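Hello,

Please find below the structure for you to take over. My notes on it follow.

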Amino acid sequence: MKKPASDTDRMQSPPMEEGIRAIADSLGEGLAVIQGDRIVFTNEKLTELTGLEADELSYRQLRDILPEDLDMKNYLDNRRRRENGETLDYPRELRLRLDSGRILEMRNRSSVIRWDGKPATVHFLEDITRGKETDRLLARQTQMNTIITDSVSRILASPLSLDETAGTVMDSAMGLTRSRSGLLVIADEHRQRVLQRRCGGDCE
């Protein structure tokens with residue numbers, strides 16, 4: 001596929017390499033073979049996930065597809081050490097940077113193999129971007145709930161009026177959610193509305 005192997009190449013290919021080529025496009029997850037600092041083989045699922053054609057991915061340098069905040073020197077050094085036989089843990093997750101700047105977050109399973117007679121690593125990549133975004137949203141929601149609960153506790157213990165202390169709750173919630181507007185409603189134990197405060201503009 002991506003870089004068709006000749007009959008001679010196939011005769012010389014070890015069983016692991018032949019097996020990867022055979023199953024690559026039947027997998028439900030992305031697959032990449034990386035050698036040194038370059039991608040040398042991919043499957044169709046990875047091209048689908050990244051939006052890049054196989055020939056665009058193949059032989060790209062890793063620095064072109066990994067996040068800019070990654071310590072590339074350390075990452076490549078660890079790759080070389082693994083390829084040279086050192087036992088190092090593989091990162092369980094990888095982030096891929098698309099040409100659009102969007103980041104894909106991937107669950108990574110990998111191991112050292114030989115490819116074209118040289119050490120390489122094969123990576124099975126599952127897109128977990130949506131799950132990660134959901135986790136971050138839930139974490140923010142939990143943080144916001146904690147702030148609001150704490151603020152309500154301070155309201156109940158405060159000598160100030162509800163109207164005066166309600167501003168503290170609004171400021172905390174607006175700061176956390178980065179919203180420009182919001183509505184705070186405080187009700188009593190019978191669910192009767194006690195106070196309503198609306199925030200718009202700069203929430204001041």
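Contact in these notes means heavy atoms within 4.5 Å. Axes are lines fitted to C-alpha atoms, for helices over the stretch in contact, and angles run from 0 to 180 degrees between N-to-C directions. Helices (H or I, at least four residues) and strands (E, at least two) are DSSP runs, numbered from the N terminus.

The model is predicted: local features need pLDDT of at least 70, side-chain atom pairs count only at pLDDT 80 or more, and totals for chains, interfaces and linings use all residues. Residues are numbered from 1 along each chain as its sequence is written, and side-chain values use heavy atoms, with hydrogens and water left out.

Helix α2 (residues 15-23) lies across β1, β2, β4 (103-115) and β5 (118-127), and runs at about 145° to β4. Helix α5 (residues 72-83) also packs on the sheet, where it touches β1, β3, β4 and β5; its direction makes about 120° with that of β5.

The sheet itself is open and has 5 strands, in the order β2-β1-β5-β4-β3, with antiparallel pairing (two strands pair if DSSP finds at least two bridges between them). Because β2 (38-42) and β3 (93-97) stand at the edges with a single partner strand each, one side of each is left without a neighbour in the sheet. From one strand to the next the twist averages 40°. Between β1 (residues 30-35) and β2 there are 4 bridges in the antiparallel sense, and Ala-32 stands opposite Thr-42 in β2.

Next, the cores. A nonpolar core is a set of buried Ala, Val, Leu, Ile, Met, Phe, Trp, Tyr and Cys residues joined through side-chain atoms within 4.5 Å; buried means under 20% relative accessible area, exposed over 50%, and partly exposed in between (1.4 Å probe, protein chains only). The largest has 19 residues, and Leu-62, Leu-66, Tyr-75 and Leu-96 have the most contacts inside it. Two or more residues each come from β1, α3, α5, β3 and β4, with the largest share, 3 residues, from α5. Another core lies apart from it and has 11 residues, including Ile-20 and Val-33.

Two single residues remain. Thr-50 lies in helix α3 (residues 44-50) and counts as buried, at 11% relative accessibility. Leaving out residues up to four places away in sequence, Thr-50 touches Leu-57, Leu-96, Leu-98 and Leu-104. Asp-116, in the loop between β4 and β5, has a positive phi of about 55° although it is not a glycine. Asp-116 is partly exposed, with a relative accessible area of 46%.

Regards
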